Amino acid sequence: MKNKTALLFLILALTALLIGVFFGLLAALQYIIPDLLKDYIPFNKVRPFHVTSTISWIVLCATGSIYFFITQIEHLKLFSSKLIHTHFIIFIVTGIGIYVSFLTGKMEGREYLAYSPILTIPILLGWILFGVNYFKTIIQNVKNWPVYYWMWGTGIIFMIYHLSEAHFWLIPNFREYFIRDISVQWKSYGSFVGSWNMLVYGIAIYIMSKIKKDESSARGKTVFFFYFLGLTNLMFGWAHHTYIIPTQPWIRYVAYGVSMTEWILLIYIIREWKKSLTKEDKKSYCMAYKFLITADFWVFLNLILALLFSIPAINFFTHGTHITVAHSMGTTIGINTTILFASVFFIVSKINPSFKINQFAVKYGRNLFRISLFLFWITLLIAGVKKSYWMYFSENIFFSEMQDSLYYVYLAIFVFGMGLAISIISLGTVLIRVLTKTLKNQENLVLYSATLLIIINYQY
Amino acid sequence: MSNAKKNIIVISTLIVIFSIYNFSVYNLRDYKQPVKLSSKAIQGQQLWQENNCWSCHQIYGLGGYLGPDLTNTFSNPKKGKEYIKTFLNSGIKSMPKFNFSEDEKESIAIFLKYIDSTGYYPNYEANFKLNGWVELKYKDEE
């Protein structure tokens, strides 16, 4: 294996996941013991750490997986090795820059992108380098692209566009008109998530076709129909986040129509794939397969939830409550993280065929992951229903009283969150260990060390 | 025609529609009552961002859920401007004590005043339709 930068992306991604989980627990703790940490690291400081780390996990793991599949499984000659190295260095330096800016309290951005907007420039540059390398590699080497190549390409392009769009507020003309500003802000966020979903779902389809050893499921008319449906949702389906904002009704009409088609894409593909899968194929990538089945379950649950609250009359009551959080946790953990775990286990099965998937940390880690995530999700829904009831059906009860009445629900969220954290740490550390072992004594470990040296010099 | 060409045609068509759609969204005006933030309100918005107020509070239900939604706090007869300014530096429960100057507190209050003037949340007088649609009550409607 000549180029191991893909593995460095994966190690970085898993590290970001562990950091994100740690800060997620700290954030949840503040719901049950509000005074505990507020003098040291209050909730408004913890949340950006958690959100940035978990988003980094998703995009870095997707990036590393795509680089790995192209170079190590498809054996395509990468257009430029320098570009992938530069891409990695830019992301790791910028990532450290973001954490340093958080530690020093320099957060000038907005929700989900709290860091100083200037740091978006290198992030965009990294994505552009990724795009150039990806398209140059694929166009030169592949004819009749299967759907996952289209999905990855689309994901990269739209990621660049919507990351830029999320910073339109820097233009005074946007910022001065609050309703338009908040609409465009949430438009960009909705499509930003749609963009990484393109990358992640493309990975799911790729792994499926490899386990099944049949590319036809990634080339048929149906799968392309669903790809275009997903792309339409990415472009126009964002506004169900903003049904309640007093904007032009036509935006909400469009979103209502488009949102109704949401989520059908992946569940259809996975179900069709499962029907035709033989037992022997399943065994050969056992853990990847098991995680994809878990993702299938979460697609189903989130499909129901998403379809329900895409109906404005239901959204009216769920908006602004933990039901929205349940949906976002269901998608980012239940679907995205599960597919990305499948991807990393698939990669591990390639680089280390003797890896034991039945070892304690993996076997019980996965079971704990599934159980605690489900309970976590249910308690978030309960918290959401209770808050909605308080908002619309109770009178003269203060916000703080409502929060106090939810103490045991928040406690349950913390406990199940702890279970989830333990499972993710178990799986994550095993995967980091295997990936790091593979890197040892290889030429790219030198690059890794050199990168770290550059960063240390850069910081001091 | 090859499949790749067909796909490119579909994507190009979607991108053309997307461009027109984006142009419309980017030039969007408020539906009923245009509200343009003053320089003081923008200063308050900047402070709102720099201190991650969105981590705990919502506007129009968008933001964090540890604290209350602040969309209509300014016009709430039991709360209002002084209530907002008092809370900023006193803190409560998980809300830290900030150290804003009088001018900064005023800016944040003005920002919330402008937000308040754009609409209602929760929108208690919204009108529900049988097809699942919800007609919102806008700020200048009787």
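Two residues are in contact if their C-beta atoms, placed from the backbone, lie within 7 Å. With that in hand, let us look at chain B: among its contacts between residues at least 6 apart in sequence, 51% join residues at least 24 apart.

A word on what you are looking at. This is a predicted model, in which local features need pLDDT of at least 70 and side-chain atom pairs count only at pLDDT 80 or more, while totals for chains, interfaces and linings use all residues. Residues are numbered from 1 along each chain as its sequence is written, and chains are lettered from A and ligands numbered from 1 in the order in which they are written.

**Chain B as a whole**

Chain B has four helices and four strands; these are DSSP runs numbered from the N terminus, with helices (H or I) of at least four residues and strands (E) of at least two. Along the sequence their order is α-α-β-β-α-α-β-β. The C-alpha atoms of chain B fill a box of roughly 70 × 35 × 30 Å along the principal axes.

How much of chain B is buried? The share is 32% of its 142 residues. A residue is buried if 20 or more other C-beta atoms lie within 10 Å of its own, exposed if 12 or fewer, and partly exposed in between.

**Two helices that meet**

Two packed helices are described by the angle between their axes and the distance between the axes. The axes of helix H3 (residues 81–90) of chain B and H4(B) come within 9 Å and cross at roughly 130 degrees. H3(B) is therefore oblique to H4(B), since angles under 35 degrees count as roughly parallel, over 145 as roughly antiparallel, 65 to 115 as roughly perpendicular and the rest as oblique. On the H3(B) side, B:Lys81, B:Ile84, B:Lys85 and B:Leu88 meet B:Lys105, B:Ile108, B:Ala109 and B:Leu112 in H4(B). By class, this contact has five nonpolar, no polar and three charged residues. Here Ala, Val, Leu, Ile, Met, Phe, Trp, Tyr, Cys and Pro count as nonpolar, Asp, Glu, Lys and Arg as charged, and the others, Gly among them, as polar.

**Where the chains touch**

How many residues of chain A are in contact with chain B? There are 54, and they meet 53 residues of chain B. H7(A) gives the largest share of chain A's side, eight residues. That side divides into 32 nonpolar, 12 polar and 10 charged residues.

**Backbone details**

Most residues other than glycine have a negative phi, and most peptide bonds are trans.

| Residue | Phi | Other C-beta atoms within 10 Å |
|---|---|---|
| A:Tyr112 | about 75 degrees | 17, partly exposed |
| A:Lys213 | about 55 degrees | 10, exposed |

A:Tyr112 sits in the loop between helix H3 (81–103) and helix H4 (120–141) of chain A, and A:Lys213 in the loop between H7 and H8 of chain A. In chain B, the peptide bond from B:Tyr121 to B:Pro122 is cis, with omega near -10 degrees. B:Pro122 belongs to the loop between helix H4 (102–116) and strand E3 (127–128) of chain B.

Methods. Axes are lines fitted to C-alpha atoms, for helices over the stretch in contact, and angles run from 0 to 180 degrees between N-to-C directions.
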